[in-house]
Amino acid sequence: MKLESAKENQIYKIFAHVRSFFIKFIAIILFIILWEVLSIVGVFDPNFISSPTNIIITAWQLIIHGMIIEDILYTLIRVIIGISLAILIAIPLGFLLGGYFKKIEESLNPFFILLEQFNPLTLFHLLILVTIINELSTVIIIYWAAQWPILNNTVTGAKNVNPTYVKVAKATKLDKFDIFWKVQLRSSLSNIFSGIRLGILSGFLMAFGVEMMGMTTGKGLGYFIMNSQMNGEVSFIWAGIFIMTLLSLLITLSINQIEKYLCKN
Amino acid sequence: MNLNLSNFNENTKIIKGHDNISEVKEELAVNGKEITGPPKIRIDNVKKIFKTKNNKTSKIEDFIALNDVNLDIYKGEFLVVLGPSGCGKSTLLDILGGLSPASEGEVKIDDNVITEPGLDRGIVFQQYALLPWRNALKNVTFPLENNKKDAESEEIARKYLALVGLSSFEDRYPHELSGGMKQRVAIARALAIDPEILLMDEPFAAVDAQTRAILQEDLLKITENTKKTVIFITHSIDEAVFLADRVAVMTARPGTIKEIVNIPFSRHHRIATDFKNNSDFISLRRRVWDLLKEEVIKSQEITEKRIKFEENENIDGGGI
């Protein structure tokens, strides 16, 4: 009796897992199946749109033959450096403005909104002149694009720290650093992380923009896609897009994991 | 019990100085409290002024929140500060807690003037004020972490969670707790530093009526067992009369102490008997309400147009 019910329980558990998996990913699965079917039937012309299986096979071939690894690393490193810079600068700045110097923030905010609208790609030639090195200019552009969402969200987070929490901390004689570390930073964490996620999106956008403009040293996924376009390698284009989407997803997911870890401790 | 309530409608006095200590001691002796020594907390001519901007003239003006507050609180006493909303009760508690300085006057604890927060005072704030990213246990260890090792502070926290009856809920996060439980955790957090004085700022205001009744009883028991001096702020007359050894009634803004009402029943009596339905309770409540009513009206600024019953002469012919 007992064994049977345990078995039933296990089966039920597996079933529940499968079910929740389906609910979560059903849209993606259907999308890919539909895409594949339409490709096989011939609705999608392979000269313009590759089928999912073709994309995955091509991507795999490109990776194992080492034709795209360098490009992936270039893009990845540029984006990581740019976003790290943005995080290092925007989070402290956000706290200074949102938490400690609210009056300055009031006057600076309109200026920041103006700067935020400004597209750094348009001044790329000037940046190259100033920085001389191409890599640095790419990183600066990624940093520029990524910092605004992080800054804005940090300011919002710092401003919205519940004053009672600070009172609680003060009442227990915590010093200013501890109040910042244990209360102010901790309670704005979720705001900061949604800022970082948005920053990653715009950072990638800018990275591909710069690379596709061909103004870099001729490396990076954006350049790879651009190059494949020139050579008419349709499946290479799609493989490049596939890989860059995966990269962005990967970084966002790892940021989510970091957030989860920090929130537990 | 023989109550002298003949001076119900006596013109109430605004307390300008401190009470006669020996008189107060006699009063408190009736409550089953033996008072030894000078007042534990002495509030001396405290005044609090905020600078505010007038919307019409946009000039900076003085906003007097508290004016000449004088109050003595004795060791082991449960003093309830009762006043209309906006009379500066919470401001007074902030000053006692050392979270904001008095503009004039001073507050002394055992002859030491308060200038900053201290671990001799535990504060229970309005609206729970639990840190939502910490579970119940970690919320209680929060004030201990700086001075004690993790294991030690967790042990203390467990002890106080048990005291408020939440032993099996230590892993729960605030959003998983009911309002009453949250406030119990907040009380445990305030007690965890083992303060001599417990400051409570309308702690039960956000809790439903039935839970509140239970919390009040438990609070009385806990404070009696732990021998804390309690200053409890509320705007609920029932709560004040039920909990207090003495009720300090405040005036409308600028807040000052209007009168101190002694509640001549021991805590044991209040818990053990059906005190809230007792005629003594009702007459005390009536007396406090008489003191407070005028201030409430003042604070709501409706003095000019008090709503009156319309004196309808032909009641028989009235209606539809």
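Which domains does the domain assignment of chain B give? In this predicted model, domain 1 of chain B comprises 21-120 + 195-300, and domain 2 comprises 134-193. The C-alpha centres of domain 1 and domain 2 of chain B are 26 Å apart. Twelve residues from domain 1 of chain B and eight residues from domain 2 of chain B make up the contact. On the side of domain 1 that touches domain 2, helix H6 (residues 209-226) of chain B contributes the most, with four residues. That side of domain 1 of chain B has nine nonpolar, two polar and one charged residues.

Chain B as a whole contains nine helices and ten strands. Of its 320 residues, 41% count as buried. Among the contacts in chain B between residues at least 6 apart in sequence, 74% join residues at least 24 apart.

Six of the strands of chain B form an open sheet of mixed pairing, in the order E6-E7-E8-E3-E9-E10. Strand E6 (121-124) and strand E10 (257-262) of chain B are the edge strands, each pairing on one side only. From one strand to the next, the twist averages 15°. Within the sheet, strand E3 (residues 78-82) and strand E8 (residues 229-234) of chain B run parallel and are joined by five bridges; Val80(B) stands opposite Phe232(B) in E8(B). Helix H5 (residues 179-192) of chain B packs on the sheet, where it touches E6 and strand E7 (197-201) of chain B, and its direction makes about 170° with that of E6(B). Helix H9 (residues 279-300) of chain B lies across E3, strand E9 (246-250) and E10 of chain B, and runs at about 170° to E10(B).

In soluble globular proteins, nonpolar side chains tend to be buried together. Here the largest nonpolar core has 136 residues, of which Ile142(A), Leu82(B), Val140(B), Val247(B) and Val288(B) touch the most other members. Helix H6 (residues 134-159) of chain A supplies the largest share of this core, 13 residues. Leaving aside residues up to four places away in sequence, the residues that Val247(B) touches include Val80(B), Leu82(B), Ile260(B) and Val288(B).

What remains is the contact between the chains. How many residues does the contact take from chain A and from chain B? It takes twelve residues from chain A and 15 residues from chain B. On the side of chain A that touches chain B, helix H7 (163-171) and helix H8 (176-187) of chain A are the elements that give two or more residues. H7(A) gives the most to that side, with six residues. The residues on that side of chain A divide into five nonpolar, two polar and five charged.

Methods:
Residues numbered from 1 in each chain as written. Chains lettered and ligands numbered in written order. Predicted model: local features only at pLDDT ≥ 70, side-chain atom pairs only at ≥ 80, totals over all residues. Contact = placed C-beta atoms within 7 Å. Nonpolar A, V, L, I, M, F, W, Y, C, P; charged D, E, K, R; others polar. Core = buried A, V, L, I, M, F, W, Y, C linked by C-beta atoms within 7 Å. Buried ≥ 20, exposed ≤ 12 C-beta atoms within 10 Å, placed from the backbone. Domains from an automatic or database assignment. Pairing = 2+ DSSP bridges. Axes fitted to C-alpha atoms, helices over the stretch in contact; angles between N-to-C directions.
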